[in-house]
Amino acid sequence: MRIVSFYNVKGGIGKTATTVNLAYLATYEGARTLVWDLDPQGAASFYFRIKPKIKKGGKGLLTGKKALEDVIKGTDYTRLDLVPSDFSYRNLDLELDDFKKPGTRLRKLLKPLDKEYDFIFLDCPPGISLVSENALVAADTVIVPTIPTTLSLRTLDQLLDFCIKMNLDHSKIMAFFSMVDNRKKLHKQIIENPPQNVRVLKTWIPYASDVEQMGVYRQPVAVFAGNSRAGKAYQALWNEINARLR
């Protein structure tokens, strides 16, 4: 089992769309995959048509009053399961803070699933918090969608600084460019001269209406527009990431 966190300090950068599309592609190729929607907005749960409700809330999961296995839901796709989010997740930071070693709680909760899945994808909320620290600690690999703009590169530097400060292994971070608009000179310049202090994948995801249409169809792009530019880009991104995970 490999745990992959999809994370960025910044929101609105295509993180959840990436999680949902890559989880589907991993499953399509035969991998048993679980997505844990950790964002109280519940966007991944919405895309997979799963009701965003958890009995006893996020606190029940953290304290063990509700087993993680008991809240896993099947999706429309074989071998692809989801732990949905609900609004109680907005308090996860406060609840994690009650544990003696709050930074390792998610990793402990996921350990019993070791034999059940090939991949666990964590769809993380934006911001720097105890939840994000847990996701960084738990992950074997951290995928960071980054828009090729100055402010987005700044948040990437903030993430690297945070990892160094918290003594977290930042070598497991892989960034890729997301929501790329080739008509913009700055986007082109940054893609041609990517940052050198972090691994940046070659594949980038275009800014495309097909990605926005995921909210209408409530499906991964590959299901309703697999041959579109965005669909092919997600497939190429998964191929590149999967090759590096082996």
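1. G231 is buried, with a relative accessible area of 6%; buried means under 20% relative accessible area, exposed over 50%, and partly exposed in between (1.4 Å probe, protein chains only). G231 sits in helix 12. Helices (H or I, at least four residues) and strands (E, at least two) are DSSP runs, numbered from the N terminus. Not counting residues up to four places away in sequence, G231 touches V221, A225 and G226, where contact means heavy atoms within 4.5 Å. V211 is 20 residues from G231 along the chain, and their C-alpha atoms are separated by 8.5 Å.

2. On the source: this is a predicted model, in which local features need pLDDT of at least 70 and side-chain atom pairs count only at pLDDT 80 or more, while totals for chains, interfaces and linings use all residues. Residues are numbered from 1 along each chain as its sequence is written, and side-chain values use heavy atoms, with hydrogens and water left out.

3. Two packed helices are described by the angle between their axes and the distance between the axes. For helix 1 and helix 12 (residues 229-245), the axes come within 10 Å and cross at roughly 70°. Helix 1 is therefore roughly perpendicular to helix 12. From helix 1, the contact is made by A17, T18, N21, L22, L25 and A26, and from helix 12 by Y234, Q235, L237, W238 and I241. These residues divide into 8 nonpolar, 3 polar and no charged. Axes are lines fitted to C-alpha atoms, for helices over the stretch in contact, and angles run from 0 to 180 degrees between N-to-C directions. Angles under 35 degrees count as roughly parallel, over 145 as roughly antiparallel, 65 to 115 as roughly perpendicular and the rest as oblique. Ala, Val, Leu, Ile, Met, Phe, Trp, Tyr, Cys and Pro count as nonpolar, Asp, Glu, Lys and Arg as charged, and the others, Gly among them, as polar.

4. T27 also belongs to helix 1 (residues 15-28). T27 is buried, at a relative accessible area of 3%. Its contacts, leaving aside neighbours within four places in sequence, are T33, T78, R79 and L80.

5. In the largest nonpolar core, which has 40 residues, W36 and L122 touch the most other members. A nonpolar core is a set of buried Ala, Val, Leu, Ile, Met, Phe, Trp, Tyr and Cys residues joined through side-chain atoms within 4.5 Å. Neighbours within four places in sequence aside, L122 is in contact with I3, V4, S5, F6, W36, L38, L110, A135 and A138. Apart from this core lies another, of 37 residues, including V20, A44, L82 and M174.

6. Helix 7 (residues 150-165) has 16 residues and should span 22 Å at 1.5 Å a residue; its end C-alpha atoms are 23 Å apart, which agrees. The expected span is 1.5 Å times one less than the number of residues. Its buried residues are S152, L153, T155, L156, L159, L160, F162 and C163. Their cover includes helix 6 (130-138), strand 6 (141-146), strand 7 (173-177) and helix 8 (185-192).

7. Most residues other than glycine have a negative phi. Just after helix 7, N167 takes a positive phi of about 60°. M179, not a glycine, has a positive phi of about 55° and is found in the loop between strand 7 and helix 8. R218, also not a glycine, has a positive phi of about 55° and lies in the loop between helix 10 (214-217) and helix 11 (221-225). M179 counts as partly exposed because its relative accessibility is 26%; R218 counts as partly exposed at 26%.
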